[in-house]
Amino acid sequence: MLHYDSQDIQNEQFKALSTSKEFQAIFPEVFEDGVLNIEKFKDILCDIKSEKTEHYSFNWSGKKECYRIIKEKSNATLKVDEDKTIPDGDNVFIEGDNLEVLKLLQTSYHKKIKMIYIDPPYNKDKDFVYSDTWGDTITNYLIQTDQLRDEGYTSTKTSSTGRRHTNWLNMIYPRLWLSRNLLKDDGVIFVSIDDDEVHNLRKVMDEIYGEENFVANICHKARASISNDKIISSNHNHILFYAKNYEYVFNNRKNIGLNPNLEGFDKDDNDGEGPYKYTPVDGPGGASKGNPYYTFEGVTGYFRYSKDEMKKKFDNGIVVKVGNGLQKKYYLKEAINTRRTDTTWWDEKLYTSTATTNLKKLMDGDYFTNPKPVNLIKRMLEQTTSTNDIILDFFAGSGTTAHAVMELNQEDGGNRNYIVVQLPEATEPNSEAYKAGYKKISDITKERIKRVITKLDYKDGFKSYYLDNSNFQVFRELKKRPNDSVESIVKMLKMSVFNKNIFTQNAKELDIVYEVGLKNGFSLSAKTEALHVKPYTFTKLYEDERAFYFCFADKIVTDIAHAIPKDAKLICYDKALDDSTKLNLRENIDIETL
Ligand SMILES: C[S@@+](CC[C@H](N)C(=O)[O-])C[C@H]1O[C@@H](n2cnc3c(N)ncnc32)[C@H](O)[C@@H]1O
């Protein structure tokens, strides 16, 4: 069956729960013939009295609405921005509100993303904090981003409403909730924030990602200058680092951290073991760390190894006497396979001011305030990603994440891909950006990515999408009949003599192909190809081994089966097939009708 809307996320979770063997083993009484009886389960829960009447929880006005917003399916789609698309490669730029976009990515990118980096609005007075709604989310989006109005958009001055933190929490919570589903089991997320919301963000992240999956709050020195109008001039930003699953990341921690220091390996015994250098054998921390104390080869002290172990190493020539002391040979070949444990990012000079200067140079103008340094994001990428990983940034701003991914790939020969999402937030009419023709921040993002591709002579381009109304008529009908299900409206539209087909008036075929693809599990980098097998014309949508053949002909007969490979699916209009053709075709090929 074809899916017309975004994934019903909570329903998927319910399905996972109701098929969980562990859950069945704990509550066998709520399963009937292997099927979970949710009413029975609710009854059992009602009988369980909480022992503690007070417990720790984090609440704010609107939190319940957040769950409603998360649950509501998206009635939007992503359309290919053909003018702006630089084909080749699997990188993706999306212009749109990231809440809708994250919903649309749930099917195709479930557990596909290795690293998320976001730098959301910090909730300063001037910050635009997107205001979600439910019901007609896409009209809300078009109004908020100025696409339905001629006059300039006035951003929400959140502090004056008295709901500053609440509005911010309501904005960030559903987005973070949805982002977690996209991470691979060994995936990680980094979130930049400053002192204003760090306390709230930490609680939200603990709740969504789990306190046990907190890896670090990396303190990053973001500027070197001092503001004399402050009591303490804070020069730091926080980067909250969480794993999808801490255990998994911890067990693989030898892959995380900094590149090893390979200097000083200047000795070689020409025995085939290669270069080495001396390292100490004494036990750091002495007695307090429980290191053994003894005398060996006339040297007395606290050592790293037991006396037996020391003797073995000495006999093997790994530990040697050098002058009056003992040393261990540390070989370059061992060092190459290690990682240095990282610490806070304080001395690295990863300053916003340098990032601003570099961006100005690249763009030939001062168009974006406070971009993050490329090297800051490269540092996250180096430590937690490898070739072929997908990296997501859904608050892209000027596109620093895309820049960092390309630069690192260029340096280490990797093939990481990025997906970046940016709202078409209006630039200020008196800004340099506006005067230079960048009416929306997303215009700046795209231009930066293009300039980086040119500057680096980068191997791949990117596909550009924008968020828009669905091509399916069903969502317009749904506004008139909000209580009907999508399925019943689709059925009605297919049968209706007044609606020749189920698409909106100006729907383009390629947009329909991508919408059906996305909602049925194809990624945004799936490829399309036009095929002609007389008398039919197809658009083939394909990725890995999977292919959908779209045919928008008004009349189809059984000979079409010859044009479709056995393992592919034909998608065509319902009205193009009479009943016997449909039956005949279904015996030979996989077919879905629109
Ligand atoms: C702090 S900036 C990110 C800067 C970025 N890290 C850089 O280096 O350029 C946050 C960005 O998120 C964007 N934004 C805010 N709300 C959004 C939403 N609902 N969907 C997508 N982008 C959004 C803003 O327009 C802004 O450009």
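**Helix packing, sheets and ligand shell**

The model described here is predicted.

**Helix α14 with helix α16**

- The crossing of α14 and α16 has a right-handed sense.
- On the α14 side the contact is formed by Ala 402, His 403, Met 406, Glu 407 and Gln 410, which meet Arg 448, Ile 449, Val 452 and Leu 456 of α16.
- Sorted by class, the residues in this contact of α14 with α16 comprise five nonpolar, two polar and two charged ones.

**Helix α7 and its two packing partners**

- Helix α7 (residues 164-182) packs with helix α8 (residues 198-210), their axes coming within 10 Å and crossing at roughly 30 degrees, so that α7 is roughly parallel to α8.
- The α7 and α8 crossing is right-handed, and the α7 residues that make the contact are His 165, Leu 169, Ile 172, Tyr 173, Leu 176, Trp 177 and Arg 180, while α8 contributes Asn 200, Val 204, Met 205, Ile 208 and Tyr 209.
- In the contact of α7 with α8, nine residues are nonpolar, two are polar and one is charged.
- Helix α5 (residues 98-105) also packs with α7, the two axes coming within 9 Å and crossing at roughly 25 degrees, and α5 and α7 are therefore roughly parallel to each other.
- The crossing of α5 and α7 is left-handed, whereas that of α7 and α8 is right-handed.
- Asn 98, Leu 99, Leu 102, Lys 103 and Leu 105 of α5 meet Pro 174, Arg 175, Leu 178, Ser 179 and Leu 182 of α7, and by class this contact holds six nonpolar, two polar and two charged residues.

- Five strands, in the order β17-β18-β19-β20-β21, form an open sheet in which the pairing is mixed.
- Strands β17 (527-533) and β21 (590-593) are the edges of this sheet, and because each has a single partner strand, one side of each is left without a neighbour in the sheet.
- From one strand to the next, the twist of this sheet averages 25 degrees.
- Strand β18 (residues 536-543) runs antiparallel to strand β19 (residues 546-551), and five bridges join the two; Tyr 542 has Ala 547 of β19 as its bridge partner.
- Helix α19 (residues 509-519) packs on the sheet, where it touches β17, β18, β19 and β20 (569-572), and the direction of α19 makes about 35 degrees with that of β18.
- Between β17 and β18 lies a loop that contains Pro 535, and the peptide bond joining Lys 534 and Pro 535 is cis, with omega about 0 degrees.

**The three-stranded sheet**

- A further open sheet has three strands in the order β9-β13-β12, and their pairing is antiparallel.
- Strands β9 (276-280) and β12 (319-322) form the edges of this sheet, each pairing on one side only.
- On average, neighbouring strands of this sheet are turned by 45 degrees against each other, with direction ignored.
- Strand β9 is joined by five bridges to strand β13 (residues 325-331), and the two run antiparallel; Thr 279 stands opposite Lys 328 in β13.

**Ligand shell**

- The ligand is surrounded by 18 residues, of which the closest are Asp 119, Gly 397, Ser 398, Thr 400 and Leu 423.
- By class, the residues of this shell divide into nine nonpolar, five polar and four charged.

**A positive phi angle**

- Asp 364, a residue other than glycine, has a positive phi value, near 60 degrees.
- The loop that holds Asp 364 lies between α12 (352-363) and α13 (374-384).

Notes: Residues are numbered from 1 along each chain as its sequence is written. This is a predicted model: local features need pLDDT of at least 70, side-chain atom pairs count only at pLDDT 80 or more; totals for chains, interfaces and linings use all residues. A residue is near a molecule or strand if its C-beta atom, placed from the backbone, lies within 6 Å of it. Ala, Val, Leu, Ile, Met, Phe, Trp, Tyr, Cys and Pro count as nonpolar, Asp, Glu, Lys and Arg as charged, and the others, Gly among them, as polar. Axes are lines fitted to C-alpha atoms, for helices over the stretch in contact, and angles run from 0 to 180 degrees between N-to-C directions. Helices (H or I, at least four residues) and strands (E, at least two) are DSSP runs, numbered from the N terminus. Angles under 35 degrees count as roughly parallel, over 145 as roughly antiparallel, 65 to 115 as roughly perpendicular and the rest as oblique. A crossing is left-handed if the near helix is turned anticlockwise from the far one by less than a right angle, and right-handed if clockwise. Two residues are in contact if their C-beta atoms, placed from the backbone, lie within 7 Å. Two strands pair if DSSP finds at least two bridges between them.
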